[in-house]
Amino acid sequence: MDAEPEEGQRLATEARDRVRFEEDALALSDQVYRVARHLASSREDADELMQETYARAFRSWRSFTPGTNMRAWLLRILTNLNIDRGRRQQRAPQMQPLEANDYFLYDKLAENGDGISDEEQVVERLSQDDIVTALSVVPHDFRDVLVLVDLGDFSYADAAQILDIPVGTVMSRLHRGRRILKRELAESALEEAT
Amino acid sequence: MTDPCAHCEQMMQPYLDHVLTDEEMAQAEAHLAECVDCQRRYKFEESLRIYVRKAVNEPMPEELRVKLSALRIPLE
């Protein structure tokens, strides 16, 4: 009978820890969504993915180590779910030629820029829709890294851990992903110019 | 001898990500100091990154916030 108060104490502590965990996770939802929105292919997919992620996180809260990066932990669940849900019909086009270099987009925009000399004005020749569309066209393997690092502000090391790939692969996919994005942007900018 | 602008282009992404070694950083900066074209292209890349972040940022829908909260496991 003596064990009962101790058990009650233990359950109360656990309940308190769990509530705190849920509150912390929910407080991060805006930041998780910012990344999830572009890991998923559409707003609807992002919505479902967020709900699946949080449902799983709340069920398996005990596997989170307090004091570690909760945002990375949530995104690891989210990227795994994204893969499990078979949203990777697209194979990584490792073989696809990518003739565009890093300077390609700027050179194209500046060419059509009637002598615009301010780089910020050159950027503004791109519309918000063009950018959203161009990002959605970047193949998943590259987009995952691009979104985590450039939109989610994760370090190379965090992105490597979330996606379970080596840091070197993060770097090469990031560089290539940015080039693919710029090639897509250059194409849409050129279409509009003609 | 490789084209200095081509070399500078190779350095651009790691430069802006702050992952170059001191020596590589000094090399890139030496070229940038004397090449207006590369300077502009670097400046453009920096502006582009900021612009892309802004352009694709979508606030989380309020309905989703409510749905996520409802997923919490009730206390017994």
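Two residues are in contact if their C-beta atoms, placed from the backbone, lie within 7 Å. Keep that in mind as we walk through this predicted model, in which local features need pLDDT of at least 70, side-chain atom pairs count only at pLDDT 80 or more, and totals for chains, interfaces and linings use all residues. Residues are numbered from 1 along each chain as its sequence is written, while chains are lettered from A and ligands numbered from 1 in the order in which they are written.

Let's begin with chain A. An automatic or database domain assignment divides chain A into domain 1 (3-84) and domain 2 (104-193). Their C-alpha centres are 29 Å apart. Where the two meet, ten residues of domain 1 of chain A are in contact with twelve residues of domain 2 of chain A. On the domain 1 side, α2 (29-39) and α4 (70-84) of chain A each supply at least two of the touching residues.

Now turn to chain B. Chain B has four helices and zero strands, where helices (H or I, at least four residues) and strands (E, at least two) are DSSP runs, numbered from the N terminus. Along the sequence, the pattern of chain B reads α-α-α-α. The radius of gyration of chain B, taken over C-alpha atoms, is 22 Å, well over the 11 Å that the globule rule (2.2 Å times the number of residues to the power 0.38) gives for 76 residues, so chain B is more spread out than a compact globule. Its C-alpha atoms fill a box of roughly 70 × 25 × 15 Å along the principal axes.
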